[in-house]
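Have the model open as you read.

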Amino acid sequence: MPGVDGPPSPLTGVGLPRHVAVIVDGNRRWARAHRTDPAVAYRCGGDRVHDLLNWCEESGIGVVTLWPLSADNLRRDSGDVRALVKVIADVVGELADTGRWQLHLFGNTALLRRAVQRRIRSAARRTGAVSGMTVNIAVAYDGHEDITSAVRALLAEHAGRGTAVADIVNGLTSDQIAGHLSLTDQPPVDLIIRTSGEQRLSGFLPWQSAYSEFYFCDVNWPDFTRADFDAALLSYTRRTRRYGQ
């Protein structure tokens, strides 16, 4: 796969985030700037994912979460979206084929065509025994739906035990809800990076990002470089995390 070569990051070890999440935004802006088809931008963005994971691995980061496709994106039934879905399926397969990383899919993948669902789920299953870095990929993800589904699962669990509604209400805790969210068995998200210059989360991990640090980068995703990544890590190491205090 093509990529951006460069020396290993000087930022490794103590003080770095354990879990980095990236909103890979700006592909269509990149296409417009380069006067090319969005499908070309999506493929360039897919190549950048390979680069990013190499950089994270070299820096000793244990968990990476990527958000390439929201549920809202899928509601636009356009050629651009279909091209993006194809690239996502291709990249998931490529990442699985490396045998280096354990892949986890989350989000409402049932919104995808069945052939795509089967393809990406099969690729992720192939990595189940891999002991390397964990890579989460949010496909057709909606943060509000993540919380709604968690509450629904919690209520169904109590209903299966025959718990009275009043007891559910009186005993409900945030930890119980959190236990049914996406990424619940993984380290907290320490750092969220968003490319393209947009300074918002757009519904990404609204619960899980409560104490995350944010880094907004002005470059579009296909142009994201090792220097941009290192700048995000350096910014993180210079912050004092307060965890709401």
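## Two helices crossing

Helices α2 and α9 are oblique to each other. In this predicted model, the axes of α2 (residues 38–59) and α9 (residues 226–237) come within 10 Å and cross at roughly 45°. The crossing of α2 past α9 is right-handed.

Who makes the contact? On the α2 side you'll find L52, W55, C56, E58 and S59, and on the α9 side R226, F229 and L233. Sorted by class, that contact has five nonpolar, one polar and two charged residues.

## Aromatic pairs

The count of aromatic pairs comes to eight. One of them is W55 with F224, a tilted pair at 6.2 Å centre to centre and 45° between the planes. W55 belongs to helix α2 while F224 is in the loop between β6 (213–216) and α9, so the pair ties together parts 169 residues apart in sequence. W55 is buried at 3% relative accessibility, and F224 is buried too, at 0%. Ring pairs also join W55, W221, F224 and F229 into a cluster.

F106 and Y141 make an edge-to-face pair, with 5.3 Å between centres and 70° between planes. F106 sits in strand β3 (residues 102–106) and Y141 in strand β4 (residues 134–141), 35 residues apart, so to speak a link between distant parts of the chain. Both F106 and Y141 are buried.

## A buried asparagine

N73 is part of helix α3 (residues 71–74). Its relative accessibility is 19%, so N73 counts as buried, the cut-off being under 20%. Leaving out residues up to four places away in sequence, N73 touches P68 and V81.

Technical notes
Residues numbered from 1 in each chain as written. Predicted model: local features only at pLDDT ≥ 70, side-chain atom pairs only at ≥ 80, totals over all residues. Heavy atoms only, no water. Axes fitted to C-alpha atoms, helices over the stretch in contact; angles between N-to-C directions. Helix = DSSP H or I, 4+ residues; strand = E, 2+ residues; numbered from the N terminus. Parallel < 35°, antiparallel > 145°, perpendicular 65-115°, else oblique. Left-handed = near helix turned anticlockwise from the far one by under 90°. Contact = heavy atoms within 4.5 Å. Nonpolar A, V, L, I, M, F, W, Y, C, P; charged D, E, K, R; others polar. Buried < 20%, exposed > 50% of the residue type's maximum accessible area, 1.4 Å probe, protein only. Phe/Tyr/Trp six-rings, centres within 6.5 Å; stacked < 30°, edge-to-face > 60°.
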